[in-house]
Amino acid sequence: MPEGKLCNKKPVASREDLDALLGDSNGRQYYAEMEQLDVDAEKLWATIQKTMKSRTKTWLDICAHCGLCADSCFLYSVNERDPKQVPSYKIQSTLGEIVKQKGNVSNEFMRMCMDTAWSKCTCCNRCGSFCPYGIDMGVMFSYLRGLLHSQGFVPWELKIGSGMHRLFRAQMDVTVEEFVDTCEWMVDEALEEWPCLEIPIDKEDADIVYMINAREAKHYPEDIVEAAILFHVAGENWTMPSSGWEMTSLSMFAGDWEACKMQVETVYEAMERLRPKRMVATECGHAYRATVIEGPYWAGRPDGQPPVECIHYVEWVAEALETGKLKIDPTKKIKEPVTLQDSCNYVRNAGLRDCGRIIMKHIAEDFREMAPNKEHNYCCGGGGGFNGIGRYRKQRNAALKMKREQILATGAKFVIAPCHNCWDAIRDLEEEFEIGIRWSFLKPLLIKMIEVPEHLLPQE
């Protein structure tokens with residue numbers, strides 16, 4: 001069958017391509033066309049030969065099938081310990097089989113691989129922490145996703161998300177003008193309460209350039225002004241870029257390697273243009289991973305580092321509290337039992353295990369750890385794109401059970417989640433299971449607690 005209008009092996013290249021995908025109700029036509037796609041075995045095998053590194057080949061070969069990765073996987077646990085949910089089985093039966101067959105696999109097999117890659121793994125990398133050989137299933141699943149994307153086997157929502165990055169360098173269609181207008185509008189809304197507040201745009205040589213998740217500009221602009229207020233109170237010399245402000249990468253979730261490179265290069269261009277001392281990333285785990293951990297390699301940077309020093313928002317908050325740039329009113333600390341969700345991407349994958357505890361020491365009187373916690377904590381249940389794929393909503397809701405049990409075990413009714421994916425998953429967890437919890441980012445909590453210097457307050 002000729003390539004269809006929606007489900008083809010070519011990436012989104014125009015607004016018309018994107019509009020066609022968006023106009024397909026729930027991806028019905030897209031998935032119907034996918035069932036007719038031919039697998040280009042020659043191209044698939046050539047891609048593997050060109051891109052599969054010796055590390056991945058070694059991991060496939062040395063896996064002892066011991067099953068020690070099983071209990072480390074929350075999806076194995078919440079799915080009644082189904083053997084097909086064991087991480088080693090999931091990767092050997094998909095990527096391992098594609099390699100064995102040298103790409104000579106069927107359409108049905110590739111659709112099975114797609115279901116496995118996006119509904120049975122969030123690429124949280126927890127299993128790699130427990131493998132005696134150090135095999136990183138998250139990296140291997142990311143690689144598998146790339147192979148699937150190259151052949152047109154990618155969930156509808158992520159094809160759209162990847163296309164957004166290609167066309168707009170953001171997961172949302174926000175233009176430079178719209179972004180700047182949004183910042184100005186949010187400042188105008190806040191000036192009565194916060195006189196002299198600014199969101200400096202394109203200020204060169206600032207101490208901090210602040211970069212965000214596009215959802216904040218599109219749907220949660222109050223998050224931007226909350227960050228501005230906290231930088232304002234802390235006395236920071238900061239800015240935001242008019243372009244290159246979007247750190248997230250749905251193309252990373254989709255396995256669209258070329259779009260990953262295009263996206264992160266836009267962010268790096270903003271850093272190089274403005275020359276800040278360092279970048280502060282918003283409360284988002286995968287945005288930090290895409291820009292700081294994976295991004296340098298996509299962009300081909302020889303030192304493996306972004307153009308400037310980069311820190312996550314939890315690092316900035318911990319530093320500001322410890323140095324006294326932000327001071328908490330002791331009477332306004334959180335009194336009720338509260339727990340903290342550790343994001344896989346900046347805690348397990350970037351080592352920022354202590355920042356959250358420093359923050360909780362300053363803002364909470366009854367902080368209760370989840371068990372396990374820090375780098376051993378479980379995924380929220382919605383990472384790796386799982387939150388946004390309607391086709392796998394049933395599987396995603398089952399995945400939330402582990403986080404539900406962890407939260408219930410603490411006795412806390414309030415969860416702080418400094419990550420967009422975690423925030424979304426915990427919101428959906430409450431909607432699905434109604435366990436009576438609340439959840440929040442850090443910024444709105446801090447604004448309610450901080451001591452504000454007299455000269456920053458409105459004058460009578």
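**Helix α6**

I looked up the bend of α6 first: the helix bends by about 30° at Ser93, the bend being the angle between axes fitted to the seven residues ending there and the seven starting there. The model is predicted, with local features needing pLDDT of at least 70, side-chain atom pairs counting only at pLDDT 80 or more, and totals for chains, interfaces and linings using all residues. Residues are numbered from 1 along each chain as its sequence is written, and side-chain values use heavy atoms, without hydrogens and water.

I took helices (H or I, at least four residues) and strands (E, at least two) as DSSP runs, numbered from the N terminus. I then checked the length of α6 (residues 87–100): at 1.5 Å a residue, its 14 residues should span 20 Å, and the end C-alpha atoms, 18 Å apart, agree with this. The expected span is 1.5 Å times one less than the number of residues.

I find 10 of the 14 residues of α6 buried (under 20% relative accessible area, 1.4 Å probe, protein chains only). Ser93 is one of them. The buried residues pack against α3, α4, α5, α7, α8 and α9, with contact meaning heavy atoms within 4.5 Å. Just after α6, Lys102 has a positive phi of about 55°.

**Strand β3**

I noted that Arg278 and Val280 point one way from β3, Met279 and Ala281 the other, and all are buried. β3 pairs in the parallel sense with β1 over 4 bridges, and with β4, also over 4 bridges; pairing needs at least two DSSP bridges. Tyr210 stands opposite Val280, while Met279 has Cys310 as its bridge partner in β4.

Methods: Buried means under 20% relative accessible area, exposed over 50%, partly exposed in between (1.4 Å probe, protein chains only).
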